[in-house]
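Subject: Handing over the structure

Hi,

Here is the structure I promised to pass on to you. Have a look at it first, and then read on for what turned up in it.

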Amino acid sequence: MDNCLFCKIINHQIPSNVIYEDELVIVILDVSPVSKGHCLIMPKKHYKNLIECDFDTLQAINEAMIKVSKALLKTFASGINILSNINECAGQTIMHAHIHLIPVDKENRKLEVNFKTNKDFDLNEIKNTIISNYKKKIMFNLLKSFRNGF
């Protein structure tokens, strides 16, 4: 994407502090860190968010997350918050898939997310709606495969 900040970083048009890189992902230090060692893991291919990534990319992101998290735990962190926002309404500000690795330091300073609980939901109804929606997607993909001859 021409205007994507993260694509420009990945293509070395904007300087960054690279922590890890392979053929599918790059990990950089966040320029607006929440804590010491705050990193961003990004696929090199442009995807709007994590749920749009293909399986190989997700696997590479996961492997990078494990490698860098282990390094953070040996250096700055006693714990790590792992966070990804999907879409603007959830707090995603750059529309390129990425995961935040936010180290919790030894003084127990941590990322705080305050959720307001709502006990008025019918959990059974929600469960059935979610299951129904992903089953529809599975059936759509199967029908599409049959039409294309697998």
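This is a predicted model: local features need pLDDT of at least 70, side-chain atom pairs count only at pLDDT 80 or more; totals for chains, interfaces and linings use all residues.

The phi angle of histidine 12 is near 60°, which is a positive value in a residue other than glycine. With a relative accessibility of 55%, histidine 12 counts as exposed, because the cut-off for that class is over 50%.

**The overall picture**

The protein has three helices and five strands. Looking at contacts between residues at least 6 apart in sequence, 55% join residues at least 24 apart.

**Helix α2**

I would go to α2 next. This helix covers residues 55-75, which makes 21 residues. From its first C-alpha to its last it reaches 30 Å, close to the 30 Å expected at 1.5 Å a residue.

Which residues of α2 are buried? They are Thr57, Ala60, Ile61, Ala64, Met65, Val68, Ser69 and Leu72. If you look down the axis of α2, these buried residues fall within an arc of 160°, so they line one face of the helix. On the other side of α2 you will find Phe55, Asp56, Lys70 and Lys74, which are exposed.

What do the buried residues of α2 pack against? Their partners are the strands β1 (18-21), β2 (25-29), β3 (39-43), β4 (79-83) and β5 (99-104).

**The loop between β4 and β5**

Two residues here are worth a visit. Glutamine 92 sits in the loop between β4 and β5, and asparagine 87 has its place in the loop between β4 and β5 as well.

Is glutamine 92 buried or exposed? Glutamine 92 has a relative accessible area of 2%, so it is buried, the limit being under 20%. A polar atom of the glutamine 92 side chain lies 2.7 Å from the backbone nitrogen of asparagine 87. The side chain of glutamine 92 also reaches the backbone oxygen of isoleucine 94, at 3.0 Å. Not counting residues up to four places away in sequence, glutamine 92 touches Lys48, Asn49, Asn85, Ile86, Asn87 and His98.

As for asparagine 87, its relative accessible area of 28% makes it partly exposed. The phi angle of asparagine 87 is near 80°, a positive value in a residue other than glycine.

**Histidine 38**

Another residue to look up is histidine 38, in the loop between β2 and β3. Histidine 38 is buried, with a relative accessible area of 3%. Which side chain makes a polar contact with the side chain of histidine 38? The partner is the side chain of histidine 100, at 2.8 Å. Leaving aside neighbours within four places in sequence, histidine 38 is in contact with several residues, among them Ile28, Leu29, Asp30, Ser32 and Pro33. Its contacts also include His100, Leu101, Ile102 and Pro103.

**The largest pocket**

Finally, a word on the largest pocket, which has a volume of about 240 Å³. How many residues line the largest pocket? The lining is made up of 17 residues, and those nearest the centre of the pocket are Leu5, Phe6, Asp30, Leu40 and Ile94. Both α1 (5-10) and β2 supply at least two residues of this lining, and α1 gives the most, with three residues.

I hope you enjoy exploring it.

Best wishes

Technical notes
Residues are numbered from 1 along each chain as its sequence is written. Side-chain values use heavy atoms; hydrogens and water are left out. Helices (H or I, at least four residues) and strands (E, at least two) are DSSP runs, numbered from the N terminus. The expected span of a helix is 1.5 Å times one less than its number of residues. Buried means under 20% relative accessible area, exposed over 50%, partly exposed in between (1.4 Å probe, protein chains only). The arc is that of the directions from the helix axis to the C-beta atoms. Contact means heavy atoms within 4.5 Å. On a 1 Å grid over the protein atoms alone, a cavity is a set of points where a 1.4 Å probe fits but cannot get out, and a pocket is an open set with protein on both sides within 12 Å along at least five of seven lines; lining residues have an atom within 4 Å of a point. Grid points are joined across faces, edges and corners, and a volume is the space filled by probe spheres set on the points. A polar contact is a pair of N or O atoms within 3.5 Å; within protein, one must be able to donate a hydrogen and the other to accept it, and residues adjacent in sequence count only if both atoms are side-chain atoms.
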